[in-house]
Each structure stands twice: as C-alpha cells, then as structure tokens.
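Please examine the sequence and structure shown below.

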Amino acid sequence: MLSSRAAVRGLQLFTWRSLSTSTCVQEAHGKEVATSSIDCSQPQYNDRLDTPLPDIPYVTKFNTEQSKLKEKEKGPWTQLTKEEKLALYRLSHRQTFAEMKKGSSEWKTVVGGLFFFLGFTGLVIWWQRVFVFGKPPHTLSEEWVAMQTQRMIDMRVNPVLGFSSEWNYNTKQWKK
C-alpha cells in the first residue's frame, strides 16, 4: 500500500516537473527559450586536421564585398592579389592548418587545478592531524613495544615459523 502511494506520488512529481520545465510552458509564460538544435541531416562545417576539406564553406551568406570577390574568383587567379586570395581562403575555412595545430593554454588550467586540489587536500590532512586526531596511544611508544616484544619471546609465541622462531634462547639474541 505504501509503495503504491510512493509510486503514484513519484509519477505525479515527474509529470509535473516535465510539464513545468517544458519549452511550451515557458514560452506560454512569456519566457524566451533559446533552443539550438543541430540538424545532422544537413552538411556541417568542421575545422579538423583529419578532414581538411569541410562539407560546406565557413561563410555561406555573403555580403556585397564578398559577393564581388566570389565573382572575381571565377576569373584568372593571376589577377587576384594576395589579400584577395587570403580573403577567399577565409570564406571557405575559419582556420589554417597552422592555427589548428597551435597548442592551447588549457594545460595551465589543468595543472593549476591539480595543484589547487593537492594543496586543499594537504590542508585537510594537516587540519585532521592537528584538530581531529589525538595523541598516539601509549602502546605505540618504543618502551611499550620493547616490553611487549620481550613478553612475546618469554611466552614463546609461534615457535615453529613465527615470532619466537627468530630468537635464539641460548644466546638471548635474534638469529642472523
């Protein structure tokens, strides 16, 4: 009975959330919703080293200057200046190979983030040692460990393969 009530309540909350956050409801209340969906059935422009010729040119809608340059492109290329050739290249491609191969400074951000988290972890460990953990127990002191070792030798603990097998009882020294 209780589980069915919980299931119904969960479905009600899920339905309400899906309706209240849908774009239709938000648009109906006057909110502008920016939905950017990519139509993957159409060719797309990509700057990639492994595909040097994109499916479509970078600029698809030309202004008047670019239209004149495209008309001039149809003629002999010896009449084009170097700047016009570069402008034509920039109409087809957003970046050159050299610009695509140029490294980014993202590694600095990654290393900085790594050092930040290592420093923060160090501070947490220091704080725990100072304020959380108490003093070590007296059973870890050297005197206590020596007394406990002597007691184990006197009791002949594990005489075959264990602790006492490494002690020479005649010379009262550890075996070499």
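**Overview**

Of the 176 residues in the chain, 7% are buried, where buried means under 20% relative accessible area, exposed over 50%, and partly exposed in between (1.4 Å probe, protein chains only). The model is predicted: local features need pLDDT of at least 70, side-chain atom pairs count only at pLDDT 80 or more, and totals for chains, interfaces and linings use all residues. Residues are numbered from 1 along each chain as its sequence is written, and side-chain values use heavy atoms, with hydrogens and water left out.

**Confidence**

- The chain has a mean pLDDT of 86, and 84% of its residues reach 70 or more; pLDDT is the predictor's confidence in each residue, from 0 to 100.
- Among the elements of the chain, the lowest mean pLDDT (54) belongs to helix H2 (residues 23-28), and the highest (96) to helix H6 (residues 106-132).

**Make-up of the chain**

- Seven helices and two strands are present in the chain; helices (H or I, at least four residues) and strands (E, at least two) are DSSP runs, numbered from the N terminus.
- From the N terminus on, the order of the elements is α-α-α-α-α-α-α-β-β.
- Among contacts between residues at least 6 apart in sequence, 32% join residues at least 24 apart; contact means heavy atoms within 4.5 Å.

**Packing of helices H3 and H4**

- Helix H3 (residues 64-73) packs against helix H4 (residues 82-92) at an angle of about 105 degrees, and their axes are 11 Å apart. Axes are lines fitted to C-alpha atoms, for helices over the stretch in contact, and angles run from 0 to 180 degrees between N-to-C directions.
- H3 and H4 are therefore roughly perpendicular to each other, given that angles under 35 degrees count as roughly parallel, over 145 as roughly antiparallel, 65 to 115 as roughly perpendicular and the rest as oblique.
- H3 contributes Gln66, Leu69, Lys70, Lys72 and Glu73 to the contact, while H4 contributes Glu84, Ala87, Leu88 and Leu91.
- By class, four nonpolar, one polar and four charged residues form the contact of H3 with H4. Here Ala, Val, Leu, Ile, Met, Phe, Trp, Tyr, Cys and Pro count as nonpolar, Asp, Glu, Lys and Arg as charged, and the others, Gly among them, as polar.
- Glu73, located in helix H3, counts as partly exposed at 22% relative accessibility.
- Lys85 belongs to helix H4 and is partly exposed, with a relative accessible area of 36%.
- Glu73 and Lys85 are 12 residues apart along the chain, and their C-alpha atoms are separated by 8.6 Å.
- Between Lys85 and Leu69, 16 residues apart in sequence, the C-alpha to C-alpha distance is 9.3 Å.
- Not counting residues up to four places away in sequence, Lys85 touches Trp77 and Leu80.

- Pro159 lies in the loop between helix H7 (142-154) and strand E1 (167-168). This proline is exposed, with a relative accessible area of 55%.
- Leaving aside neighbours within four places in sequence, Pro159 is in contact with Ser164 and Ser165.
- Ser164 is placed in the loop between H7 and E1 and is buried, with a relative accessible area of 4%.
- With neighbours within four places in sequence left aside, the contacts of Ser164 are Met152, Ile153, Arg156, Val157, Asn158, Pro159 and Tyr169.
- A polar atom of the Ser164 side chain lies 2.7 Å from the backbone oxygen of Val157.
- Ser165 also lies in the loop between H7 and E1 and is buried, with a relative accessible area of 14%.
- Apart from neighbours within four places in sequence, Ser165 is in contact with Asn158, Pro159, Val160 and Lys175.

**The loop between H7 and E1: backbone angles**

- Most residues other than glycine have a negative phi.
- Arg156 has a positive phi of about 55 degrees although it is not a glycine. Arg156 is in the loop between H7 and E1 and is partly exposed, with a relative accessible area of 48%.
- Asn158, likewise not a glycine, has a positive phi of about 50 degrees. Asn158 has its place in the loop between H7 and E1 and is partly exposed, at a relative accessible area of 49%.

Methods. A polar contact is a pair of N or O atoms within 3.5 Å; within protein, one must be able to donate a hydrogen and the other to accept it, and residues adjacent in sequence count only if both atoms are side-chain atoms.
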